[in-house]
Amino acid sequence: MTNLGRGRARAALAVGAVAVLGVVGACGSNDSGPGTSGDTASKVQIDRRAAGDITTHGGAKRLDGDQTQAIAESIQRSKAKNVILVIGDGTANQELTLARNYEWGAGGKIPGIDELPLSGDYTTYALDKNTKKPDYTTDSAASGSAWATGTKTYNGAVGVDVNGKPQRSILEIAKANGRKTGNVTTTELQDATPAVQVAHVAQRKCYGPVATKEKCSSDALENGGLGSITEQLIAARADVTLGGGWKTFQETATAGEYNGKTLEVQAKERGYRIVRSGEELDGVTSANQDQPLLGVFADGNLPRLWDKATATKEGGKEPAVTCSPNPAFGATPKLASMTKKAIDLLKGDKGFFLQVESGSVDKANHDADPCGQIGETVQLSEAVTAALEFAKQDKDTLVIVTGDHAHTSQIIEAGTVTPGLTRALNTKDGGVLTVNYGTSLDPGEEQHTGGQVRIAAYGPGAANVVGLTDQTDPFFYITDVLGLDRGKK
């Protein structure tokens, strides 16, 4: 049987808003509770691999007949108990296409990501701090602040508006409404994407008291501010926090109740259970407000899953390479295992909000490192698969998958020599794929680009991602889907 033949009930990955609205009536009431209209969606199987031999008529076709009924069955009620928001940092369509072509083949599918039934795009522009006009290329701080708080802001800002006023995040609001909360990343916990859910500072590099005093002194505790990102992270008290960034926890508070104590000591005195390895993480069976879990598995960012294959100025002429595992990854917990553990610790009667980030797709892109970039997209795929498996069993969980901004990597004609940096890769198809990085001639200095970004979802409220939305929209429909009072303290 072909891949196409196995996918008899597959839903479309990208549909127009009009088409979706036209089939809502087939699903029953959007107000139905768990175990009713949601049951049909969990049975929809999506397999968007090509039909078979891509050289034959219809061989590259991904659809299996009319998709109207499958789409109808994918649209669920508008309320959910849990929301899992999965972010690929710097992961737009070109990054997804690069990973699919290399790892799964041009006619293949990205597990998890390509199985989400409803999708659209969102705009990602930031604001200029001085003129208040659009800044067409966002960074991770402004973009993360947009979905976390519903407010556009300037590049570098974490959880504050363009005038520097703190904006409440989904995580903070969910916690105030009695939901359990989690924050998982492959980067430093102080990095922009995880930080936007727990902190409010004028400048994203204000990781600890030292940098805060230098870069955003008005946010320092000694000056009456809320403190550094790490100090605010500890105070925010998510039930589960997993990632890197241990180095900053060794800094010492310079004001407040814990003045003179390291941030590690402060976390322990405030009741956190701290784990430093995957083995220790495996042994954790509970996490709550009495004893929140803080897992920190590297001094800085977690190692990338795959080793580097940095693009060069002569990369278009060099032999193609095959990506290989990164020896430095070692026993580092994979993103999928951290995601599964977070879900296990958060699930229950209260309901939860969980943000998960594969953060080094972006960092490898900055480094002009296609293998590191693809490996972290593989991690993203595995994390989405874990979230989707839980959601289909639970039937009361919304899973949203997106990126925060577009980036520089582009697939170009094999053998092309460009003014940028290139690297040729041997793909799953047995062909050669050439990747170009054109925003800098120096690895480590590649820059973001300003394109809109794909967003896809499964579960109650998933229809909100369809068509064109803005990056601030998820804040509103996530808090609505969870039934949260946004004003509750």
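Which residues of the largest nonpolar core touch the most other members? In this predicted model, the core in question comprises 55 residues, and F249, L294, F353, L398, I400 and I478 are those that touch the most other members. When residues up to four places away in sequence are not counted, F249 touches L189, Q190, T230, L233, I234, T262, L263, E264, L294 and V296.

The strands were examined next. An open sheet is formed by 10 strands, which follow the order β7-β8-β6-β5-β9-β1-β10-β14-β2-β15 with mixed pairing. Because β7 (273–275) and β15 (467–470) stand at the edges and each have a single partner strand, one side of each is left without a neighbour in the sheet. Direction ignored, neighbouring strands of this sheet are turned by 20° against each other on average. Within the sheet, strand β5 (residues 180–188) and strand β6 (residues 240–244) run parallel and are joined by four bridges, and V184 stands opposite L242 in β6. Helix α12 (residues 335–346) packs on the sheet, where it touches β1 (82–88), β5, β6, β8 (293–296) and β9 (352–358), and the direction of this helix makes about 165° with that of β5.

Definitions and conventions. Residues numbered from 1 in each chain as written. Predicted model: local features only at pLDDT ≥ 70, side-chain atom pairs only at ≥ 80, totals over all residues. Heavy atoms only, no water. Core = buried A, V, L, I, M, F, W, Y, C linked by side-chain atoms within 4.5 Å. Buried < 20%, exposed > 50% of the residue type's maximum accessible area, 1.4 Å probe, protein only. Contact = heavy atoms within 4.5 Å. Pairing = 2+ DSSP bridges. Helix = DSSP H or I, 4+ residues; strand = E, 2+ residues; numbered from the N terminus. Axes fitted to C-alpha atoms, helices over the stretch in contact; angles between N-to-C directions.
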